Protein chains: 2
Amino acid sequence: MLDQFDIALDPMFPPVDRGRLISALSEVLPAGALVTKTEGMRVYESDGLAAYRGLPAVVALPRDTGEVRAVLRTCARLGVPVVARGAGTGLSGGALPSPGCVLLSLSRMSRILAIDPDARTARVQPGVRNLAISEAAAPYGLFYAPDPSSQLACSIGGNVAENAGGVHCLKYGLTVHNLQALEIMTLEGEGLTLGGEALDAPGFDLMALMTGSEGLLAVVTEVTVRLLPSPSHAQVMLAAFADVRQAGEAVAAIIAAGIIPAGLEMMDRLALTAAEEHTHAGYPTDAAAILLCELDGAEDDIAEELERVAAICEAAGAVQVRVARDESERQLFWAGRKGAFPAMGRLAPDYYCIDGTIPRRRLPDVLEAIGRLSEEHGLAVANVFHAGDGNLHPLILYDANEDGGIERAEALGGKILELCVAMGGTITGEHGVGREKINQMCAQFGSAEIETFFAIKAAFDPAGLLNPGKAIPTPARCVEHGAMHVHAGKAPFAHLDRF
Amino acid sequence: MLDQFDIALDPMFPPVDRGRLISALSEVLPAGALVTKTEGMRVYESDGLAAYRGLPAVVALPRDTGEVRAVLRTCARLGVPVVARGAGTGLSGGALPSPGCVLLSLSRMSRILAIDPDARTARVQPGVRNLAISEAAAPYGLFYAPDPSSQLACSIGGNVAENAGGVHCLKYGLTVHNLQALEIMTLEGEGLTLGGEALDAPGFDLMALMTGSEGLLAVVTEVTVRLLPSPSHAQVMLAAFADVRQAGEAVAAIIAAGIIPAGLEMMDRLALTAAEEHTHAGYPTDAAAILLCELDGAEDDIAEELERVAAICEAAGAVQVRVARDESERQLFWAGRKGAFPAMGRLAPDYYCIDGTIPRRRLPDVLEAIGRLSEEHGLAVANVFHAGDGNLHPLILYDANEDGGIERAEALGGKILELCVAMGGTITGEHGVGREKINQMCAQFGSAEIETFFAIKAAFDPAGLLNPGKAIPTPARCVEHGAMHVHAGKAPFAHLDRF
């Protein structure tokens, strides 16, 4: 959340003389690999969560694994924190520079090293853009499935660090499910190979542990992803409902019927109206909610499943069910969805995007509860989200220039996340914890889990130099924060009355 | 491998007075929860790898999480090693008692706690048998996918500890891909909840880390698995080849064509002949190898895919392609496969089952190389395995009563595993490392990986009391063993000439 920058609660590092740091790095890196001037470092001041800003001591731009090793070893020796950064599109402040840190940008390591169409893998450097992998695989009829909405810009290394999702993750899984192998570099400059071409690796599953670890354990220096055959056909259905609850019930019923859509997205009236004004996608603006349900695969199977989805939506009370007439209308339906975030500018000067997940079956209850919270707090909330995954993106509309505007948005966001936890869900779906939600981790987990996270962090990085103050709160922070200790799945549902 | 019991290389624990241990456990457990007499403990002497045997100090049989906590806290306090055991069907000595240990049997915790057909989950105690979950889910049209060949007997807790596979894992994934949540208990008696009903959990992926950790990190006290809709139809095709290499090529071609069989198994002449004599499944005994390719799903899709598989097999050189005439022939085809291990008794007094994996595309090369190794060592090798996964089960035929018989089988087994590593594969597919392959871990991994495993082990269990001497070798053991350090994926393939 947009709280104050309370670094005091995090591990403190004795300040290192900046001149000494720059000179040590200059000795091990070629010319042009460091950015030291303030104006040059401004672009690294924040990631996609621009409310948090800070300047690093220096920015390092390694071009290969050897240079990453040199930076890490120097930082380990001098006791300087290191924050790794991909494309900087993250939405939770994961790449926010810590005071006095070396900002390690992987942007120059952006080569596709190999596409193997037989093994169906792509071996790439961490700075390669997500979409560039699918583009390189397209001539072989293959694609890389996880597709965060930032896929044009975001890097695969960042995707690994955040265990990124996307519209297609309902069918194809998260980043962790689409990885074959990782090369990582520890703070001490040790290179490790995790995973591999074989079915299952012996020993502990370090590849899964590394995925989603938000830069706290090691730096990803190479990624081998799995590629999938591009589906021959895709079709999208739009179902409109007069009641948000019915739309939520339709989502649960589609999944319960054993249908696995390639995407299953939901927008409520506020969101779909703004999107329609913005994109003219042909959305029915008199609906309380719409679903977009995409199916891919063989043409016959799609036709059959579309009929089943239509029947389920109608049984749930849909007032309108339409299949896109052709490919251009299919693209238009999706363009509306993709334009929903920017469309919020039509409704309010600012919006705050929340990212929580809930068990899919709780969707109708949670949507109703968010509606009540919105009224209580006097702030409109538009809902646009990955309904099939139970991954919510409530957009809280506010005006940052109004007195107390940010604080009210924050307070409502906190309530929505508490609601997610109480419903057996989580405080983040695909955006990560980063800096933004580090205090909410104390709500998500009990002290035993937090201490275990901390012990694992210490196993990789005992000095705590890798991305300090992110993702995993120190036990001291949780004590200070007065953790709720409402544990996922153990929350007393009776408490829901207060939402 | 069947090496000597060289516990001296592993962490040593000061011996604890057995009387004191039993009395301490008696204080915290109800009557009947301990087995202390030698004859009663005999059944716990080994798991499915009967070549390794040892007696624990005492066997504890907790009935609930509270009793598991009591045992673990007592062991932590007294510094006594703990070996958890499910059904004892493991094939790598993972449940072999350490000298002086408490053998913690989870067999009494065998209740199915809940089946939720809407959420498609089953919440069960760790001692529940794998197949019992599918039986309980069957009335709802659901099943639990991972199906190790021991599924009649093996327990879900053991499946989690080993990240168990099975015939259907090619399509449906390993245990880790079919879990929703775990309750675990640390050595200190802290209960942790890992995973949950929501898409993705924040923090490090402890559920994946725990899965396949072979009892080294904590004890599983509750498992929530994902259930899948039972496929409406299934059909199996038998393809016979005059050349093992062609069968291997057909496997690679089927997968490369984007077909995902529910099972894709291979047997070579020695295996299929013995199986045929044992089961009369109708296998063509003049073939050099057969494939069994099962497809499941909608009837039309199966018919279409069977045609594609047949065409691929014929293009690869199949001399015969047959679809099972009816359900009873389908069952018969599989009965032959399932009876292949016991059928080995017709060929030799003893067999030693190797479990390695290789990248699927290396299958033809590896099968040829195993044939050469078999000739060089003068021991017949029958191959029966999960071809689609690249998970080999070479069965080395030998006579334990012959002088040096075991040693020759061991030596050949070691060479086959080295071959797997050199081909970019692993020393174990689904049987785990356990006691059997702990030295081979030093061949699979470099010192940086081994040290990281060790650091993670220490994060959960700094005293090293949980299942000592299994799965993760101490760095000292690797030094002593003279590790090969041929790293998966980095092996110089030129070395293959020596196989």
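## An open sheet in chain B

In this predicted model, 5 strands of chain B form an open sheet in the order β5-β6-β10-β8-β9. The pairing is antiparallel. Strands here are DSSP runs (E, at least two residues), numbered from the N terminus, and two strands pair if DSSP finds at least two bridges between them. β5 (112–116) and β9 (191–195) of chain B stand at the edges with a single partner strand each, so one side of each has no neighbour in the sheet. From one strand to the next, the twist averages 15 degrees; axes are lines fitted to C-alpha atoms, and angles run from 0 to 180 degrees between N-to-C directions.

## Strand partners of β6

β6 (residues 121–124) of chain B pairs with β10 (residues 219–226) of chain B over 4 bridges, in the antiparallel sense. B:Arg123 has B:Thr224 as its bridge partner in β10(B). B:Arg123 is also the partner of B:Ala114.

β5(B) and β6(B) pair over 4 bridges, again antiparallel. Their hairpin has 4 residues between the strands. There, B:Arg120 takes a positive phi near 55 degrees.

## Chain A as a whole

Chain A holds 17 helices and 20 strands; helices are DSSP runs of H or I, at least four residues. Of its 499 residues, 59% count as buried, meaning under 20% relative accessible area with a 1.4 Å probe, protein chains only. The C-alpha atoms of chain A fill a box of roughly 70 × 55 × 45 Å along the principal axes.

## Basis of the values

Residues are numbered from 1 along each chain as its sequence is written, and chains are lettered from A, ligands numbered from 1, in the order written. In this predicted model local features need pLDDT of at least 70, side-chain atom pairs count only at pLDDT 80 or more, and totals for chains, interfaces and linings use all residues, while side-chain values use heavy atoms, without hydrogens and water.

Terms used: Buried < 20%, exposed > 50% of the residue type's maximum accessible area, 1.4 Å probe, protein only.
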